[in-house]
Amino acid sequence: ETGMEALASALAPSLARLYGLPRGPAAPVRAALAIARNADGQLVGLSGIALETLPVPTPMLAASSEPVARIAYVAVEPALRRRGIAWKLVRICEHVARTQWGEASVCLFVKEGNAGARALYQSLGYVNAGPPLEVHLPVIERNPNDGSETLGKAMRLIEPMRACLAPPPLGARLRRKVRRTRMQVSCGLVKLIKVLLAPALVVTRLLGLVDSSSA
């Protein structure tokens, strides 16, 4: 299994492991993985996109509880870069977001200083969507003594970017509306249940205090 195949295997089940940002408590609403293979069938590139609530506040992209389409990973074998593979993978992800999920825009985050990635996304129509964000990102730390590698975390700056897509098809827009209505209803029910249970919780705590004091 090649390194790219291993990465695809890790990402495919949940699209939530190596995504450059700390995960929020909610799983993605939708997720997809685009892959590129050479003539021999070997995996040479991949890109993942998820419809999810952003794990960090980004007002210019979405409200705190509103799911957005986010390209979360783009990787191409080093020897095959600058051949348009990453460009095509991103376009496939955008196509999924527009035609299947009914999204009219896609966002992503770029590590500050990654000029190559920024140039790629700018060529695809992505523009800055707010000030840099400071987050903990996974990093591989190498031991200078024995060369061993361990996975750690380091504080990094990431820059949000966004691109507007062509209007989604009518069917995709309707599915998006239904999906978001269901989410709003579910959130409303959860809030209602919390309100209804609040008095019972207060009574339970008071009874516990009475029992402990009498003991």
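Strands β3 and β4 run parallel and are joined by two bridges; strands count as paired if DSSP finds at least two bridges between them. Helices (H or I, at least four residues) and strands (E, at least two) are DSSP runs, numbered from the N terminus. The model is predicted, so local features need pLDDT of at least 70 and side-chain atom pairs count only at pLDDT 80 or more, while totals for chains, interfaces and linings use all residues. Residues are numbered from 1 along each chain as its sequence is written, and side-chain values use heavy atoms, with hydrogens and water left out.

Together with α2, the strands β3 and β4 make a right-handed β-α-β unit. A crossover is called right-handed if, with the strands pointing away from the viewer, the path from the first strand over the helix to the second runs clockwise. Strand β4 is largely enclosed by the rest of the structure, because six of its seven residues are buried. Buried here means under 20% relative accessible area, exposed means over 50%, and partly exposed is in between (1.4 Å probe, protein chains only).

The loop between β3 and α2 holds Arg82. Phi of Arg82 is near 65°, a positive value in a residue other than glycine. Arg82 counts as exposed, at 84% relative accessibility.

Another strand pair is formed by β1 and β2, which are antiparallel and share eight bridges. Ala34 has Ser47 in β2 as its bridge partner. Five residues lie between the strands of this hairpin, where Gly41 takes a positive phi near 85°.

The largest nonpolar core has 28 residues, and the members that touch the most others are Ile49, Ile71, Trp101, Val106, Tyr121 and Tyr126. Two or more residues each come from β1 (30-37), β2 (43-52), β3 (68-76), α2 (85-99), β4 (105-111), α3 (115-123) and β7 (149-164). Helix α2 gives the largest share of this core, seven residues. A nonpolar core is a set of buried Ala, Val, Leu, Ile, Met, Phe, Trp, Tyr and Cys residues joined through side-chain atoms within 4.5 Å.

The aromatic contacts come next. Rings of Phe, Tyr and Trp (its six-membered ring) pair if their centres lie within 6.5 Å, with planes under 30 degrees apart counted as stacked, over 60 as edge-to-face and the rest as tilted. By this rule there is one aromatic pair. Tyr121 and Tyr126 have ring centres 5.9 Å apart and planes at 65°, so the pair is edge-to-face. Both Tyr121 and Tyr126 are buried.

Three salt bridges are found in the structure, each being a side-chain nitrogen of Lys or Arg within 4 Å of a carboxyl oxygen of Asp or Glu. One of them joins Arg70 to Glu52, with the closest N and O atoms 2.7 Å apart. Arg70 lies in strand β3 and Glu52 in strand β2, so this pair ties together parts that are 18 residues apart in sequence. Arg70 is buried at 2% relative accessibility, and Glu52 is buried with a relative accessible area of 1%.

Another salt bridge is between the side chains of Arg91 and Glu94, at 2.6 Å from N to O. Arg91 and Glu94 both belong to helix α2 and are three residues apart, about one turn of the helix. Arg91 is partly exposed, with a relative accessible area of 30%, whereas Glu94 counts as buried at 6% relative accessibility.

Arg118 also forms a salt bridge, with Glu159, and the closest N and O atoms are 1.9 Å apart. This pair links distant parts of the chain, with Arg118 in helix α3 and Glu159 in strand β7, 41 residues apart. Glu159 counts as buried, at 12% relative accessibility.

The cysteines remain. A disulfide is a pair of cysteine sulfur atoms within 2.5 Å, and by this rule the count is zero. Cys93 is buried, with a relative accessible area of 2%, whereas Cys164 counts as exposed at 68% relative accessibility.
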